[in-house]
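Here is a short report on a protein model, written to be read beside the structure. Keep the sequence at hand.

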Amino acid sequence: MKFWTLDEPDIDRIALGAGILGTGGGGNPYLGSLVAKALLREGRRICLVRPSDLAADAQVLALSGIGAPTVGVERMAEGDEGLRVVRAMEDYTGRRIDALIADEVGGSNAMTPMIAAAKLDIPVVDADGMGRAFPEVQMTTFFVHGHVSHPAVLADFEGNVMVVTAATSPQMLERLLRAGTVAMGCTAYFGTAPMSGAFVARYAVPHSLSQAWSLGQTVLAARAGKADPVAAIVAASGGALLLRGKVSDVQRSVTGGFVRGRLTVDGLDEDAGRTLRIDIQNENLVARDAGGVLVMVPDLICIVDAETGRPIGTEEQRYGLRVAVVALPAHALLRSEAALGSVGPRAFGYDFDYAPVGFSSEALPAPGYGA
Amino acid sequence: MTGMVRVGVDVGGTNTDAALLRGSEVLATVKVATSADVAGGIAAAIRAVLAAARMAPRRVDGVMIGTTHLLNAVVERRDLSRVGSLRLCGRATRALPPMIDWPDDLRRRIDGGSSLVGGGLNYDGSPIASLDRTGIRAACRDWRARGIEAVAICSVFAMVDARMEIEAAAIVAEELPGAAISLSHRIGRNGLLRRENATILNASLMHIGRQMVGAFRAAFDGLGLGCPFYLTQNDGTLMSTDFAARFPVLTIASGPTNSMRGAAFLSGLSDAAVIDIGGTTTDIGMLVAGFPRSRGEGAVIGGVTTNFRLPDVHSFGLGGGSVVRTDGALRIGPDSVGYRIRDEALCFGGQTLTATDIAVAAGIAAVGDPALVRQLDDALVGAATSRMRVAVAAVLDRMKPSADPIPVVLVGGGSVLVGERLAGASQIVRPEHFGSANAIGAAVAQVSGECERVVSLEGGTRGAAIEASVAEAKRRAVDAGAVEASITLAEIEETPLSYLPGNVVRIAAKVVGDLAA
């Protein structure tokens, strides 16, 4: 089995790429990356393993933070929350957890499994359940493909642990976890039922941490070489540049815990005269121009700073920012009939069917695994 | 401020500018070289500007100073105090100890040891843990034993309720009499690590800040002024010297803000683009409601990420001294003859073709000797003139809030390059005295008050929550010396807390008003 043992520059690259894959949501990976790097300096290891290298009967736990990013940057992590989730799950099921995996590579949750895995000295699977960020627990390829909705564990910084022994559906699990999170002060960590290595190898979006690393690497290399980071992102991801321009209008409102809104980006230079409108529900959902819808969920609509390639979160969007909008094709696992029922345009209340942008491809494992 | 006589001083790295105003009339401006003795340099500038207008020192109602002195202290890592960091957090936040993202050299210099103790709040104001008074006293004894004289106190969600920080400060003051104590709820915004960073920087600057204020007082004593003096803050508003001694970090980035505020005052425009073309670079910023538009991300000061906002200014390499090359493709800048323009540019008898020579040859600028550039090829002059206009217009278009043309305040020694028309500009204003806009911006600075809260809208209305925040911000502005009747709302920010049921929002209000005479 090949492992990729991360160093501090790898963490920075993955954090930058995870921000881009967050498609406007998912929270900022910065604080998590600081914790991960501090653990490396203490002598701990963070090892990644490819999903295809997992033993078929390995027990893999998906671990995530849940709650409001605005709270998470203020009442920051204690550090052992994820560990508490893993221990409680092991106690409840009577089986050891062999590896951790992220539910969503987009945003802060790319870092969450790494922190607990470093403390447990177990590997993190180079894969996730979304290939991006989505607002709800049940929107993973795991649940799309029949992952069971219990048991699940929710834990906070203080030592409170809630075990959901039964939830009648993934949607119900989501509601129970949200309610628990509010009681815990609006930030917590959760793990869903352990999955087998065989299930993860088949249904997780493979090499998504490698993809984040390669996006981060390409942006940093472009900046260092005075090249265009946006062009580098497009080249590295097989995506398409939709528009370069400036944010000319931001409408936002909060309803039912979601930031809903619409962003207008007016083209500049080569794109002068064109306008993109992007619908937001925590993440960027749908992008259209005068000709109609260009890109929709589950494909990724990534908005980055036009000059630096820095990802720009939904809450940070404001009038006058100079941005580039890039579309990345979602992995094939998110484009199946079953997946579209959970993460396609109709699942977000639109009355049109999914039309893909570009061709799905599989991210390659990072060079860190060796030849 | 009708009829008030004010002196504004802006201390930059190279020059110290001073301006004397009566009401809104600029009576005199001077520019002197900045001296190593900052207070002495300021006194000399004030003396010179008063002499220029034959104004008696006794008649001055206020002196307003903007200085980068403390920014330089951070950047050059000098005269900084070691700081004990006290975080009120209970078990929360411990994965990210204080100063975790500081540059190593600065951390080694400032870190006096941190203590994470029981205390802190949840977003709804409930305590994470009760305040650990014993733990605070123990930390203080440790700091006292090691000679630490500055303490930064930061509570989780201090902006929801500041009482825990205030109580902790009282305990620290008992244990460490005379210590410089800095509280996070008066320094920064939501986002614990950045607010704490700024609070620690503030504590480390309090000693040198007190020295600076003391030196200013001493220097002013010899001037015969009978008036109070103020320092300008990062947001372009004023603080008293007592306040500055307690919140020195709030002075460190006031320079660019003062220039933009000066441009607003001199042009009489509150919503406009300010294009400042110097010898080497062009800086374009936006005035919105009389204040500079700020950048989204927090300012990085001496390598430390804070949550201060700085003006959003776009700079590029075009200035009066930009070198024009005609071998091969036409190129203008980014290198410049800079301050040597009066020796090197063709129109001044030099040997280098500069952007200014092009403007003189095109007949849009009247400097130097036009005869010296008469030999330039008309096609070259035409192409270069249009290239410069297009470059400025392109950046202006990126900065503008909409496609509609907007008023432009055009300033700086290199502003002759642009002529009287510019794509995207509805009008071009070239105010007088612009060379001293930074000092004038300091002189006309107002007083502000800010208030930030996290509130649940369940069982209350959004309107009432905003009103309460604005009222608190007004109260703070009046405390800081504003005339109540003059106070207006400058900024309101409303950020929903996403991914959760229930309408919880963060509301930040900022008001400004005129300084009471």
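## Chain A overall

Of the 371 residues in chain A, 61% are buried. Buried means that 20 or more other C-beta atoms lie within 10 Å of the residue's own; exposed means 12 or fewer, partly exposed lies in between, and C-beta atoms are placed from the backbone. This is a predicted model, in which local features need pLDDT of at least 70 and side-chain atom pairs count only at pLDDT 80 or more, while totals for chains, interfaces and linings use all residues. Residues are numbered from 1 along each chain as its sequence is written, and chains are lettered from A and ligands numbered from 1 in the order in which they are written.

Chain A holds 11 helices and 17 strands. Both are DSSP runs numbered from the N terminus: helices are H or I with at least four residues, strands are E with at least two. The radius of gyration of chain A is 19 Å, close to the 21 Å that the globule rule gives for 371 residues, so the chain is as compact as a globular protein of that length. That radius is taken over C-alpha atoms, and the globule rule is 2.2 Å times the number of residues to the power 0.38. Along the principal axes, the C-alpha atoms of chain A fill a box of roughly 60 × 45 × 40 Å. Take the contacts in chain A between residues at least 6 apart in sequence: 74% of them join residues at least 24 apart. A contact requires C-beta atoms, placed from the backbone, within 7 Å.

## Two domains in chain A

Chain A divides into domain 1 (3-206) and domain 2 (227-348). These bounds come from an automatic or database domain assignment. The C-alpha centres of the two domains of chain A lie 25 Å apart.

In chain A, 19 residues of domain 1 are in contact with 23 residues of domain 2. On the domain 1 side, α1 (8-21) and α6 (141-144) of chain A each supply at least two residues. α1(A) gives the most to that side, with 3 residues. The domain 1 side divides into 9 nonpolar, 9 polar and 1 charged. Here Ala, Val, Leu, Ile, Met, Phe, Trp, Tyr, Cys and Pro count as nonpolar, Asp, Glu, Lys and Arg as charged, and the others, Gly among them, as polar.

## An enclosed helix

Helix α5 (residues 112-120) of chain A has 7 of its 9 residues buried, so it is largely enclosed by the rest of the structure. The buried residues are A:T112, A:P113, A:M114, A:I115, A:A116, A:A117 and A:A118. They pack against α2, β3 (59-67), α4 (81-93), β4 (99-102), β5 (124-128) and β8 (187-191) of chain A. Just after α5(A), A:D121 takes a positive phi of about 55°.

## Where chain A meets chain B

The contact takes 40 residues from chain A and 33 residues from chain B. On the chain A side, the elements giving two or more residues are α2 (30-41), α3 (69-72), α7 (170-183), β11 (240-255) and β12 (258-267). α2(A) gives the most, with 4 residues. The chain A side divides into 20 nonpolar, 9 polar and 11 charged residues.

## The parallel sheet of chain B

In chain B, 4 strands form an open sheet in the order β6-β5-β7-β8, with parallel pairing. Two strands pair if DSSP finds at least two bridges between them. β6 (111-117) and β8 (180-183) of chain B stand at the edges with a single partner strand each, so one side of each is left without a neighbour in the sheet. The twist averages 15° from one strand to the next. β7 (residues 150-155) of chain B pairs with β8(B) over 4 bridges. B:V151 has B:I181 in β8(B) as its bridge partner.

Helix α5 (residues 163-175) of chain B packs on this sheet, touching β5 (83-88), β7 and β8 of chain B, and its direction makes about 155° with that of β7(B). Helix α6 (residues 192-221) of chain B lies across β5, β7 and β8 of chain B, at about 160° to β7(B). Axes are lines fitted to C-alpha atoms, for helices over the stretch in contact; angles run from 0 to 180 degrees between N-to-C directions.

## The mixed sheet of chain B

Another open sheet in chain B has 6 strands in the order β3-β2-β1-β4-β9-β10, with mixed pairing. Its edge strands are β3 (25-33) and β10 (238-240) of chain B, each pairing on one side only. The twist averages 25° from one strand to the next. β4 (residues 62-67) and β9 (residues 229-232) of chain B run parallel, joined by 3 bridges. B:V63 stands opposite B:F229 in β9(B). Helix α1 (residues 38-52) of chain B lies across β1 (5-11), β2 (15-22), β3 and β4 of chain B, running at about 140° to β3(B).

Methods:
Two residues are in contact if their C-beta atoms, placed from the backbone, lie within 7 Å.
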